[in-house]
Amino acid sequence: MSEDIPFDKSFDLPPDRVEEVMPGVRRMLVSNPGPFTFKGTLSYVVGTGRVAIIDPGPIDEAHIAALLDAVRGETVSHILVTHTHRDHSPAAARIKAATGAMTCGEGPHRAARALHVGEAPRLEASADRDFHPDVALADGETVTGPGWALEAVTTPGHTANHMAFALKDTGVLFSGDHVMAWSTPIVAPPDGAMSDYMASLEKLGRRAETMYFPGHGGAVRDAPRFVQQYIRHRRAREASILKRLAVGEADIPTLVGSIYIGLDPRLTKAAGLSVLAHLEDLTARGLVVTQGTPSIEGRYRRS
Ligand SMILES: [Zn+2]
């Protein structure tokens, strides 16, 4: 799948080792590899002396200890969270308790839409409902320290509260799970919404930053071009769904089978949710019809 995007899967950082990726930016890998997390989640430290931590990660004792060790002798003023999935935000409370830093993010976890009857969040990388930021950041708001300023950029889609952070005057943006070099992220209802996701890609596509540091894997270079490839990829996925439905009515497993060739079996459920995200969007746009609200069990046809 996704051969149309030039993915970069080279990434070689051992867990819990500090690496400086540019002056004033360090990163550290959590030992939580998997089909959704690639080699693991990345925590970033921005600044020197008085610093911000972006995405402290899951409750992983070795990682929390290594992260605190990395900033020993420094002051952590802010803990920024890109989104409330369990591999990104839960350690915020522990880092806050140890450092006194204030936590910042778009807001607590929420679904992108109301849940249907009997529906529950279904993915392994599920929600951290305990995270409530001390400071709820609005789009464009800036958090600063000596020699650095991070601008909050709301990027809903992967989750409703997803936020990227632009490191001002450097051409760098911390993209969380919104844009990554190794893969496209899962956009799975009810946490995620495809229409929001596409709008957030268009928004990043209009920005000037050229290098992204994502929540998983290596840096995205030539970012504006990469974002356009992401957009084209999602449009192509949408076109394949419409093409298959033009042949006749289908359910989601049938669509997954016809669209994703050579899919990692561990990702079948996620692929189904991704297709559901497209179908919600296509139904809202009047291009596809189904009985009642779009659901994972539904059957779909062209309108
Ligand atoms: Zn996530």
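This is a predicted model: local features need pLDDT of at least 70, side-chain atom pairs count only at pLDDT 80 or more; totals for chains, interfaces and linings use all residues.
Residues are numbered from 1 along each chain as its sequence is written, and side-chain values use heavy atoms, with hydrogens and water left out.

**View 1. The zinc site.** H83 (NE2), H85 (ND1), H158 (NE2) and D177 (OD) coordinate the zinc ion at 2.1 to 2.5 Å. Donors are N, O and S atoms within 2.8 Å of the metal (3.2 Å for Na, K and Ca); water is not among the atoms, so sites may look incomplete. Along the chain, the donors of the zinc ion have the spacing H-x1-H-x72-H-x18-D. H158, in the loop between strand 9 (148-154) and strand 10 (163-167), and D177, in the loop between strand 11 (172-176) and helix 3 (194-205), are 19 residues apart and link distant parts of the chain. Helices (H or I, at least four residues) and strands (E, at least two) are DSSP runs, numbered from the N terminus. H158 counts as buried because its relative accessibility is 7%, and D177 counts as buried at 6%. Buried means under 20% relative accessible area, exposed over 50%, and partly exposed in between (1.4 Å probe, protein chains only).

View 2. Two strands pair if DSSP finds at least two bridges between them. Four bridges connect strand 8 and strand 9 in the antiparallel sense, and V143 has L150 in strand 9 as its bridge partner.

**View 3. L150 and the nonpolar cores.** L150, F165, L167, F174 and V179 have the most contacts inside the largest nonpolar core, which has 48 residues. A second, separate core has 22 residues, including A188, L245, L255 and L263. A nonpolar core is a set of buried Ala, Val, Leu, Ile, Met, Phe, Trp, Tyr and Cys residues joined through side-chain atoms within 4.5 Å. Neighbours within four places in sequence aside, the contacts of L150 include V46, A52, I54, L80 and F165. Contact means heavy atoms within 4.5 Å.

**View 4. Strand 4 and its partners.** Four of the five residues of strand 4 (residues 50-54) are buried, which leaves the strand mostly covered. Strand 3 (residues 42-46) pairs with strand 4 in the antiparallel sense over three bridges, with Y44 opposite I54. The two strands form a hairpin with three residues between them, and G47 in the turn has a positive phi of about 100 degrees. Strand 4 runs parallel to strand 5 (residues 75-80), joined by five bridges; R50 has T75 in strand 5 as its bridge partner.

**View 5. The surroundings of L287.** L287 lies in the loop between helix 6 (268-284) and strand 14 (288-290). With a relative accessible area of 27%, L287 is partly exposed. Its C-alpha atom is separated by 5.5 Å from that of S303, 16 residues apart along the chain. Leaving aside neighbours within four places in sequence, L287 is in contact with L242, L282, R302 and S303.
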